[in-house]
Amino acid sequence: MIDRYLKDKEVTIHDDFRGTFSVPYQDSIGEIVNIDNDIELLNMALKEVEDYSFLTSDFINILKDLICIFSGILLSILLKLNNFLFLANLSSIIGIVLGTLCAYKSKTEKEKKIEGLNLQRNYILDEIKMKKIQKAILERNRSKANFLKEEVIVLDTIAKKKALLQNNLELLMNYKMNQAYFLKNFDKHTLGNIVDSEEDKKFIQEVIIKEMRR
C-alpha cells in the first residue's frame, strides 16, 4: 500500500510492500496513487470474500444439519432410558420434523449467504475493472510542467477508503440476507428508513436497479 509520495522533477513513492521507487512526474500522480491504493484494497477484500466463501462450504452446512437431526435423536434416547415409550416414539417423530426444519432453514440461510458473497465478489470485480480503466486514462495524460517539491501522506485517505469499502460490502450482504424487506421498502420509496445515510440509500438503490436490469 502506498502511504506517501514526494513530488519533484520525478515522483518518489514509498510502498509498504514494494519499498521506495521513482516514476516520471505527471499532474495526475495524486489520483493515480489513490487508484493504486483502491485497487490493492479491493484485491484484499476480494481475497477475504473468496476465503469466506470457502469456509461456508457444504461440509460446514452438512455439519449443522447433522447437529439439528441428532439433537432430536438424542432426546428420544434420553426419554427411552426413562421408560416413557410413547413419549420416546413421539419425540423421535418430533426430532425428525425439527431436524428437517433445521436443515431447510440452514439451506435457506446458506443460499442467502452465497448470494451475498457472490454480490460482494461481483461488486469488487466491477470496481477493480473501473479503477484500472481510470488509471490507464490518467497515465496517458502526461504533464508538461512540474509542481514545487511537495511530500504527500495518504494514510488518512487509505483508512477512509477502507472503511467505506467495508461498509458497502456489509450493505450488500445485508441486502441479500433480507432482500424481500429491502425490495418492499424500495417499492414504497422508504429505503431511507432502513439504511443509515443518504449515501447508503443511493448505493442500495443502484444495486437494486442494476439487478432488475439483468
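The legends below describe close-up views of a predicted model.

**Figure 1. Overall fold of the predicted protein.** The protein has six helices and four strands (DSSP runs, H or I over at least four residues for helices and E over at least two for strands, numbered from the N terminus). Read from the N terminus, the order of elements is β-β-β-α-α-α-β-α-α-α. Of its 214 residues, 32% count as buried (under 20% relative accessible area, with exposed being over 50% and partly exposed in between; 1.4 Å probe, protein chains only). The exposed surface comes to about 14300 Å², and carbon and sulfur atoms supply 60% of it (Shrake-Rupley method, 1.4 Å probe). Among contacts with a separation of 6 or more, 68% join residues 24 or more positions apart (contact: heavy atoms within 4.5 Å).

**Figure 2. Crossing of helices α4 and α6.** Helix α4 spans residues 155–177 and helix α6 residues 198–213; their axes come within 11 Å and cross at roughly 55° (axes are lines fitted to C-alpha atoms over the stretch in contact, with angles from 0 to 180 degrees between N-to-C directions). The two helices are therefore oblique to each other (under 35 degrees is roughly parallel, over 145 roughly antiparallel, 65 to 115 roughly perpendicular and the rest oblique).

**Figure 3. Residues at the contact of α4 with α6.** From α4, the contact uses Asn167, Asn168, Leu171, Leu172, Tyr175 and Lys176. From α6, Asp200, Phe203, Ile204, Val207, Ile208 and Glu211 take part. By class there are seven nonpolar, two polar and three charged residues (nonpolar: Ala, Val, Leu, Ile, Met, Phe, Trp, Tyr, Cys and Pro; charged: Asp, Glu, Lys and Arg; polar: the others, Gly among them).

**Figure 4. Surroundings of Asn168.** Asn168 is found in helix α4 and is buried, with a relative accessible area of 8%. Leaving aside residues up to four places away in sequence, Asn168 touches Tyr123 and Phe203. Phe203 is one of the α6 residues in the contact with α4.

**Figure 5. Tyr181 in helix α5.** Tyr181 lies in α5, which covers residues 179–187. Tyr181 counts as partly exposed because its relative accessibility is 47%. The C-alpha atoms of Tyr181 and Leu191, 10 residues apart along the chain, are separated by 9.6 Å.

**Notes.** Residues are numbered from 1 along each chain as its sequence is written, and side-chain values use heavy atoms, leaving out hydrogens and water. In this predicted model, local features need pLDDT of at least 70 and side-chain atom pairs count only at pLDDT 80 or more, while totals for chains, interfaces and linings use all residues.
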